[in-house]
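Here is a short report on the salt bridges of one protein model. It goes pair by pair.

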Amino acid sequence: MMTSNLLAKLSDGSPIGRVVAQAKAMKAARSCTFKDDSPERDFASFEIEGVKAFLKVDYFDVNLQFGSEDPADASITRRVVTIMAAEDY
């Protein structure tokens with residue numbers, strides 16, 4: 001997932017601009033590093049073209065309704081990655 005605020009900051013608002021913005025955000029997210037104070041590796045911060053962004057991983061049950069009872073068990077957990085502008089957090 002990506003927040004609409006982050007997309008607005010990175011694009012010109014056109015459909016192509018939004019696709020390009022999503023690609024830039026995904027590229028930046030793939031190369032970000034998790035900080036030592038995030039041992040679960042579920043939160044990171046990075047910058048995309050001068051915009052401070054966060055990456056947050058949340059762990060849900062298989063129906064995406066509640067938190068997972070055991071986030072380490074992939075058979076009962078669905079992970080959702082959200083990339084957002086810092087002020088969206």
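## The buried pair

Lys56 and Asp42 form a salt bridge, with their closest N and O atoms 3.6 Å apart. A salt bridge here is a side-chain nitrogen of Lys or Arg within 4 Å of a carboxyl oxygen of Asp or Glu. The pair links distant parts of the chain: Lys56 sits in strand E2, Asp42 in the loop between H2 and E1, 14 residues apart. Helices (H or I, at least four residues) and strands (E, at least two) are DSSP runs, numbered from the N terminus.

Lys56 is buried at 16% relative accessibility. Asp42 is buried too, at 15%. Shared partners join Asp42, Lys56 and Asp58 into one salt-bridge network. Buried means under 20% relative accessible area, exposed over 50%, partly exposed in between (1.4 Å probe, protein chains only).

## Model and counting

This is a predicted model: local features need pLDDT of at least 70, side-chain atom pairs count only at pLDDT 80 or more, and totals for chains, interfaces and linings use all residues. Residues are numbered from 1 along each chain as its sequence is written, and side-chain values use heavy atoms, leaving out hydrogens and water.

## Two further pairs

The structure holds four salt bridges. In one of them, Glu87 meets Lys9 at 3.0 Å, N to O. Glu87 lies in the segment after strand E3 (78-85) and Lys9 in helix H1 (residues 4-10), so the pair ties together parts 78 residues apart in sequence. Lys9 is partly exposed, at 42%.

Glu49 pairs with Lys24 in a salt bridge, closest N and O atoms 2.8 Å apart. Glu49 is exposed at 56%, while Lys24 is partly exposed at 33%.
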